[in-house]
Every structure is written in C-alpha cells, then in structure tokens.
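Hi everyone, thanks for making the time. I'd like to walk you through one structure today, helix by helix, so let me put it up on the screen.

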Amino acid sequence: MRNYVLKRLLLLFPSLFIVSFIVFSLARLIPGDVVDMMFEDQAYAKDIEEMRRKLGIDKAIHLQYVNWIAQVVQGDFGVSLWTKKPVHEEILERLPVSLELGAMTIGCALLMAIPIGILAAVRQDTVQDYTARSLAIGGLSIPSFWLATLVVVLPSIWWEWTPPIQYVAFGDDPWSHLGQFLLPALILGFASAASVMRLLRAQMLEVLRQDYVRTAWSKGLRERVVILKHALKNAIIPVVTIIGLQVANVAGGTVIMEQIFGLPGMGRFLIEAVIQRDYPVIQGVNLTLATIVIGMNLCTDLAYAYLDPRIRYS
Amino acid sequence: MVNQVERQPLASSDRVVSWPGQFGRVGKALIRFVCAKPLGALGGGFVALMIVLALFADVIAPYDYNQRNLRERLEPPSMRHIMGTDNLGRDIFSRVVYGARISVSVGFGGIGMGVLLASLVGITSGYFGGWFDILFQRLVDAWQSFPPLVILLSLISVMQPGVPTLIVAIGILSASGSSRVIRSAALATKENQYVEAARAVGASHARIIVRYILPNVFTVIIIIATIGLGGVILAESALSFLGFGVPPPFPSWGEMLSGSARVYMYRAPWMAIWPGVAISVAVFGFNMLGDALRDVLDPRLRGS
C-alpha cells in the first residue's frame, strides 16, 4: 500500500510539469505575437514594446518558461489584462462557486446512478431495467445546455416560474444559496450519471453471476445483504475509476451551467476571458482546473487501492 | 452447390444465389444486423438521415437558411413552416436541415483528424514501447486532465473562428481519449506469434505495422470513431451555444439554442425545441450505432 501511494504521489510531478508546459505553450501558439493581436483588437498599451516588456515576451522562450514557472509556484499568475486585478485573486473569488457546483453535481450523479444501476442489474430485462437504460441513453445524448434551456424557458411559459438568476451568497440566505445550485447540479449530474449507471449495471450483472454470490444466496442471506454487502463492493471498483474521469467532464460542464444560470464561477470567468483574449486569466484558469482534476484523480486512485486489496499488495 | 448426379427442376424453395449476387449478401447481412440489434439499426437510420440532410440540404429545405421574412416572425408550426419561424422570420426547419451540414462536416472532420492522430500516437506508442511509450502516455494523461470544454475554449482563443479551427481543436481533443484504446489494441496484437515470426523473417517495422497491426486495430478504430462522433457533435453544439462555433449567419444547432435566442423563446418555445431534438437524435444515433457495432465486431470491448 505504501509503495502504491508513494508511486502515485511521485507520478504527480511529471503530470503537473507537462500540464504547465501545455498551458504555457497555449498562449504561445498564436502565429505572430500575443501583443500584435491584442493591439489589433483593443489598444491595451500605447506602446507595443512596453507591453512586450510587461508580459516578458521579449526574452528567449526557455527563459520565459522558467520565469513563468517561478512565478506560478509562488502563486503569482500575473495580472488580468481586462480587470487589471491579480489573476489569483480573481480565481480565488470564483473558485468556491465552481467547486460547490462540481461537488453537488458529482453528488447528484452518484445518488442517481448507483441506486438505478443496482436496480437495473438486479431486475434485469424488466420494465424497470428498460426504463433505466432509456434514461441512461437520454442522459448520454441530450445536451445539458438544451435541457437547462428547456428547464429555464418552459416552466416560465407553463407555470410562470423561473429559476433564480440573481446570485445569492451563502451568508445572505443559506437555503436559497444551495437551492440555486440544485437545478444545474441535477441537470449536469444527469449526463454524468448515465455513463456511471451503465458501467455499474454491467459490472453488477457480471458480479451477480459469480460463485461467491451464489454461495451467499444459498446461505439464505437477505437480498439487501447479498446485493449491497457482497455484490456492490466488488462491482463498484471499476466504477470508481470512471468517476475520476467524470470529474474532468463535470468541470467542463460547469462552464455551460454557470453561463445559463448566472453563477459567478470560474467557467463564466473563462468565457469572458476568451472573448477578451485575456491570456493570463486563460492560463490561470486552465492551470487551476487541471491541477484540481489531477488531484481528484489521485484521490480516486487511492480510493481504488483502498477498495481493492489486490492492488494494495501487488 | 448443384448436385451433378440428380438434376431436378429447381423448386421455388431452393436457396440459390441468383441475380442479386454480391448485393444480396450485403443486404442479408444488413437484415441480420437489423434483427439482432434493432436499437443499433435505429441509430444507423438516424445517422443515415442526418447525412442525407446534410448532403441534399439545398433540395430538402423549402427555404434558404438566411431568408428573412419579417412579416412571418415568431410564427408557430404551420403548413407553411413545419417547425415555425424564428425572431427574424427564418424558417426553422430549413435552418435545422442546413445545420446538419455543420454537424456532419465538423463531426466527421473532427473525428477523422482525431482518429488519425490517435492512431499515430497509439500505434507507435504501443508497438515501439520503451521511453517513447512512457513519454506519450504521460502526455496523454496530462492532456486528459484538462476539462474538455476548457481546453477547447482555450484552443479557440488562439485561433481564428471558423470550421477549420473547430475541426482542429475538436480533433486534438478526441485524439487523447482514443489513443489509449488504440494503444492497448496495438499492444495486444503485438503479442501474437505471427508478429514475432514476421520480425524473425526480417520484416521491417513499417511492414509489420501496416500488414499486421493495422487490420486488427481497424475494428477498434471504427468503434471509437462512431461513438466519438456523438461526443464531437455534442462538443461542437456546446461551443456554438456559447458563441464560439461557426460565425453566423450559417445555422448551427447549438447556436440556434444560444443565449441570444433565448429572449424570444419565452414567446416562441418551438425555437427551443427543434434544434435540441436534432442534436439529441444525432448523438443518440451515433451512440447506438457505435454500441451495436462494438457488440457485433468485438465483444471483448463490451462495456454495458
């Protein structure tokens, strides 16, 4: 177990290094110069040379990278070209909202996927199974932004009710603060839940055919004990890996949900930054999100090791 | 096989491969597929419909996609406008039909590029192994740590808006996920004895790859491409929804649902329904077709 954990922790560094390299090259991909492009779009500085010096692109590229990494490690992501505030301040302001939405989404996804997946596997080829599978197919095919748009538009026509568009902070009113996350979390969770549910159902079907489950049945154990204690624990292992993959998708999905429901999170910030070509912000958001995803993947790897003793002792 | 000893007149119940010939065999395989996997066949039908709409949009669409008829703004579905009109009096049905063009071109272009890139990376990584493999796997890992939409937006911010940009960005993104599956397929093929035999006889790496690895990996590629197309269409419509897709006035399903149109949706809900239905049907079609192909072609890959 210790070796496994150590190995996983060590693998963090090359991943983070490559991620930083990708983020760094993103802004440098533009043919020509960032500054020329900025100057064309909006006159940010009277002097192109002054801008170049300010952004540090007058030096050689490897020196730029080293400087940039040194700054990043100290927490200095630069200054937003648009709001003129330090990027890490802007990100810290908006990060909690996105994290909250992401956490609630994954929670909703698991709450939806696990019971339905188990039910569909245990009652295979019944009406419940077909309904569950149809729902899963719907979750995979229906775009989340369409569902969100319908949820915003149709109730206002039918019942004259709209979801709250004005953001409510936690301090003002805890219940409506949580409530405004509920709808986007459910919609986004629906999409993630579909993949998780399908995999869980397949795994449960496989596990329920195993000999040890048959032994449990013949011992006369209650259905709930057999399914939850014996079958689920074995079936859930590959599903944990998929949940790790879903974290990246959920992080992407929050971009759309924040835009539609008016939540001041990092996703919306990113969209504004892309429109403004605000490269320090784009880099900062990318770096933050990628680091969070890598961290979550580490957690799921560790959870995987905890759940599957075969990994621990290999 | 005709029995030469006894020649009897042919009864109508005799099975003879008559004039359909090759077409009959393909037709029979198709009918078997439809009966065995009805959901997949339905998906395939939707896919075919979409391709037909894209190719023959000029003939099928009753109006031009940009034909504004301000006297007929925000009309509900009627005989003249099957899906109603939008805020500028444009026929929604025609716009949906033309929108299929964008989805098909970005979809196939993006997945084509993605699969090409993924095959390149996956096959070389799996076949040659060593430090090359380790390096590329780390790269793919890191690349997959970025949320898809975030990296798409960032790529688009450094390129000019338009269809080629979309294809390149989406292609790069879909390549990362697929390369892993292709790599494991290449690894599995590499273990076969005939590959070892070919090396022993002195076949060059290139020959082995083209002659032995590729045909085995091909099935995996088809499956990935079909399922990946669903994801690509979703990605393209999400980008268009946010306003980063194809520039107007060319219609894209995602753009028709976007925030700027939402103001009018409260009065004209049909504007909100049809493009979304189109996207869902297209993605459903590709997903179901891919699932069915996977079950038929390679049961080892069966996920659910």
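Let's start with a crossing inside chain B: H4(B) and H12(B) cross in a right-handed way. This is a predicted model, so please keep that in mind as we go. Helix H4 of chain B covers residues 92–128, helix H12 of chain B covers residues 270–297, and the two pack at an angle of about 35° with their axes 11 Å apart. Which residues meet there? From H4(B) we have Ile92(B), Val96(B), Gly99(B) and Ser103(B), and facing them in H12(B) are Trp270(B), Met271(B), Trp274(B), Pro275(B), Ala278(B) and Ala282(B). Sorted by class, the residues of this contact between H4(B) and H12(B) come out as 8 nonpolar, 2 polar and no charged.

Now stay with H12(B), but look across to the other chain. Helix H7 of chain A, residues 144–158, packs with H12(B) at an angle of about 160°, and their axes are 10 Å apart. That angle makes H7(A) roughly antiparallel to H12(B), since anything over 145 degrees falls in that class. The crossing of H7(A) with H12(B) is left-handed. On the chain A side, the contact uses Trp146(A), Thr149(A), Leu150(A) and Val153(A) of H7(A), while H12(B) brings Ala272(B), Gly276(B) and Ile279(B). In this contact of H7(A) with H12(B) there are 5 nonpolar residues, 2 polar ones and no charged ones.

That takes us to the whole interface. How many residues of each chain are involved? On the chain B side 35 residues are in contact with 43 residues of chain A. Several elements of chain B each put at least two residues into the side that touches chain A: helix H5 (130–144), helix H6 (148–157), helix H9 (205–242), helix H11 (259–265) and H12. Our friend H12(B) gives the largest share of that side, 7 residues. Taken by class, the side of chain B that touches chain A has 22 nonpolar, 10 polar and 3 charged residues.

Back inside chain B, there is another helix I'd like you to see. Helix H2 of chain B, residues 38–55, is 18 residues in length and spans 26 Å from its first C-alpha to its last, close to the 26 Å expected at 1.5 Å a residue. Its buried residues are Gly40(B), Gly43(B), Gly44(B), Val47(B), Met50(B), Leu53(B) and Ala54(B). And what do the buried residues of H2(B) pack against? They pack against helix H3 (57–60), H4 and H12 of chain B.

Let me zoom out for a moment to the two chains. Chain B has 12 helices and 0 strands, and chain A has 13 helices and 0 strands. In chain B, buried residues are 44% of the 304 residues; in chain A, 37% of the 314 residues count as buried. Of the contacts in chain B between residues at least 6 apart in sequence, 71% join residues at least 24 apart. For chain A, residues 24 or more positions apart account for 71% of the contacts with a separation of 6 or more.

Next, chain A on its own. Helix H11 of chain A, residues 266–276, packs with H12(A) at an angle of about 150°, with their axes 9 Å apart. The crossing of H11(A) and H12(A) is left-handed. Met266(A), Phe269(A), Leu270(A), Ala273(A) and Val274(A) of H11(A) make this contact with Val281(A), Ile282(A) and Val285(A) of H12(A). By class, the contact of H11(A) with H12(A) holds 8 nonpolar, no polar and no charged residues.

Further along, Tyr304(A) also sits in helix H12 of chain A, which covers residues 279–307. Is Tyr304(A) buried or exposed? Tyr304(A) counts as buried because it has 20 C-beta neighbours inside 10 Å. Setting aside neighbours within four places in sequence, its contacts are Ile237(A), Val240(A), Thr241(A) and Ile311(A).

I'll finish with a backbone detail. Asp125(A) is not a glycine, yet its phi is positive, about 65°. Where is Asp125(A)? You'll find it in the loop between helix H5 (87–122) and helix H6 (127–141) of chain A. With 8 other C-beta atoms within 10 Å, Asp125(A) is exposed.

Technical notes. Residues numbered from 1 in each chain as written. Chains lettered and ligands numbered in written order. Predicted model: local features only at pLDDT ≥ 70, side-chain atom pairs only at ≥ 80, totals over all residues. Axes fitted to C-alpha atoms, helices over the stretch in contact; angles between N-to-C directions. Helix = DSSP H or I, 4+ residues; strand = E, 2+ residues; numbered from the N terminus. Left-handed = near helix turned anticlockwise from the far one by under 90°. Contact = placed C-beta atoms within 7 Å. Nonpolar A, V, L, I, M, F, W, Y, C, P; charged D, E, K, R; others polar. Parallel < 35°, antiparallel > 145°, perpendicular 65-115°, else oblique. Buried ≥ 20, exposed ≤ 12 C-beta atoms within 10 Å, placed from the backbone. Expected span 1.5 Å × (residues − 1).
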